[in-house]
Amino acid sequence: MKQTRWAQHYWKLQLYISQCRANFCREERLLAPFDSKTTNSEESGMMRMSKVHVDLSPIKIEQEMVKKVDEEEDDEPLSPKARLFHAPGLNCCVVSMLGSRTKLNVDAIKAGLEHPLHPHFSTVLVMDDKRRGEMKWRKTKIDVDNHVIVPSIDPDNIKSPDKFVEDYVANLTMTPMDLSKPLWELHLLNLQTSDAEAIIILRSHHSIGDGASLMSYLFSSSHRKPSLPHKSSLKDKKEIERVGFWRRFLNMARLSLQMIWNTFVGVCLWLATALFLKDTETPIKGGVRVELNPKRFVRRTFTLDDIKLVKNAMNVTVNDVLLGITEAGLSHYLNRRYAGEEDKVTSASAKKDNLPKDILLRATHYVNLRIPPTESKALAHTEDEKKIKVVTGTKVGYLLLPFSIAMRNDPLEYIHNVKSAVDRRKSSLEASFSLYITGILLKYFGFKAIAALYYRILSNTTMTYTNMVGSLEEVDYLGHPLTYIAFGTYGYPRTLSIHFISYIRKMTMLIAVDEGAIPDPDQLCDDIGAALQSAKDAVIQRGLVN
């Protein structure tokens, strides 16, 4: 067996040497016309280099090649979803903004990153030419100084620290990531803002991990155990047992047929969107190649108690409330944009209805398909290290969720409309289909075809929406207690992305906008905040609060 294995390595070595010789000869022929100005010193240097290669020991070369072959065998292939994030037009990155309650200890953070807990923070992206350019992760040793950036900041010359942070992140979106090293970088800003003593900005490529992966990494880096909410069931077990067998059987049959039908409709709409169905060209709809434009990230914080007050009064979920106020905020913002510049100074409630009829505006609502999404296997503490287990990769599907853009007198009607649309998609396999169809199409049609299809779906819809659950108690990042956590994305054909994350008793909203389409993102945030206040006032006035 040992001889067979060494024979395999030997033939791999011979193949590699022959490929190197062929590549060298080919490059020599290609570069020959451009090397006419080579100096004598350069020629002598080349001769010395050639002599060095001739004098190398064959045994040393074989050992190095065997080591390289072993490294290649340990490489981890990228998932189909992760590969999509490296396609042209879909080169997506995640921006994680963390507010620190204390000043940053740069040395302590660097020490904590020497051995990062996220597996892909110490891997580099490589291409396997033997398998048609297949992308793989390869373990490597990281140099923390190449990943941690500490800009020189003079607080006395900064009029608005919050605006400075927005400008800093916007500049990051114009800088491509260096693919020759692990695809992440940490920016440490020792600058006091309105709600933090310092800011930590983690920029990572989306192929490293999705929001759940980064959240698990954040919790694993905390010295404090996070408190995650448990998902409550809709019905009590005893109540289900009281229902007769035939009634339960008929109910399950009804739900199964409903799921099959809703999945069929969702798949048909998915195919129609990929082929011809486009959203209405509203003022916030992006044009051609909008993924290349810089993005501005604007943050707002809401009180989680206000959201739960509306949730309990209407017997809906937190996500239903967030989607409802997003729909209401978009309706009022677009109504102002359609009204013209002179009406922007007036109150939104006093405006007439300026919206066109039958606006089709859809969001790709991303859903975490890991089971369970909260505190259990995905984010459970390991018995040995008492740390959060870091989940890797991207395992998210998406729903094509339509927003009903209209001016309504009842602020709660927005939440009712969104709830009915979300419930239909919850009772389907649309999100799972969107994830697993990627691998199937990649296998039979190739990487370029599925990338073009996914790009077309994003181009034919308007915005992105995500909602994540954070810790109920305060956590820290490498010893720095956090006042807020916010995630955002950029790099794909979108002019608007809205991301919500709950943390302690707050709900943080981070929107990423293309200022060419949305020049006043603060106004959009204000409209969403006003929609939440209107919903809260409505449930109180109607006596729906217990």
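How many helices and strands does the protein chain have? Colour the chain by secondary structure, and you will find 15 helices and 15 strands, where helices (H or I, at least four residues) and strands (E, at least two) are DSSP runs numbered from the N terminus. This is a predicted model, in which local features need pLDDT of at least 70 and side-chain atom pairs count only at pLDDT 80 or more, while totals for chains, interfaces and linings use all residues. Residues are numbered from 1 along each chain as its sequence is written, and side-chain values use heavy atoms, with hydrogens and water left out.

**Confidence**

Next, colour by pLDDT, which is the predictor's confidence in each residue, from 0 to 100. The protein chain averages 81, and 77% of the residues score at least 70. Select residues 1-70, where pLDDT stays under 50 and the model has 18 contacts beyond four places in sequence, a contact being heavy atoms within 4.5 Å. Then select residues 373-386, where pLDDT also stays under 50. Where pLDDT is low, the predicted coordinates should not be read in detail.

**The six-stranded sheet**

Now select the open sheet of six strands, whose order is S8-S15-S14-S11-S9-S10 and whose pairing is mixed; two strands pair if DSSP finds at least two bridges between them. At the edges lie strand S8 (296-303) and strand S10 (396-403), each of which pairs on one side only. Neighbouring strands of this sheet are turned by 20° against each other on average, direction ignored.

Is strand S14 enclosed or open to the outside? Eight of the eight residues of S14 are buried, so S14 is largely enclosed by the rest of the structure, with buried meaning under 20% relative accessible area (1.4 Å probe, protein chains only). Show the side chains: Leu496, Ile498, Phe500 and Ser502 point one way from S14, whereas Ser497, His499, Ile501 and Tyr503 point the other way. In a regular strand the side chains alternate between the two faces of the sheet.

Strand S14 (residues 496-503) is joined to strand S15 (residues 506-513) by eight bridges, and the two run antiparallel. Strand S11 (residues 463-469), by contrast, runs parallel to S14 and is joined to S14 by six bridges. Centre on Ile501, which stands opposite Thr508 in S15 and is also the bridge partner of Met468. Further along, Tyr503 stands opposite Lys506 in S15, and in the hairpin of S14 and S15, which has two residues between the strands, Ile504 takes a positive phi near 55°.

**Met509 in S15**

Select Met509, whose place is in strand S15, and which is buried with a relative accessible area of 0%. Leaving aside neighbours within four places in sequence, Met509 is in contact with several residues, including Val298, Phe302, Ile498, Phe500 and Ile528.

**The nonpolar cores**

Finally, look at the largest nonpolar core, which has 49 residues and in which Leu330, Leu361, Phe403, Met463 and Leu496 have the most contacts; such a core is a set of buried Ala, Val, Leu, Ile, Met, Phe, Trp, Tyr and Cys residues joined through side-chain atoms within 4.5 Å. Leu361 touches, among others, Leu330, Leu401, Phe403 and Met463. A second, separate core of 39 residues includes Ile142, Leu186, Tyr217 and Phe219.

Terms used
Axes fitted to C-alpha atoms, helices over the stretch in contact; angles between N-to-C directions. Buried < 20%, exposed > 50% of the residue type's maximum accessible area, 1.4 Å probe, protein only.
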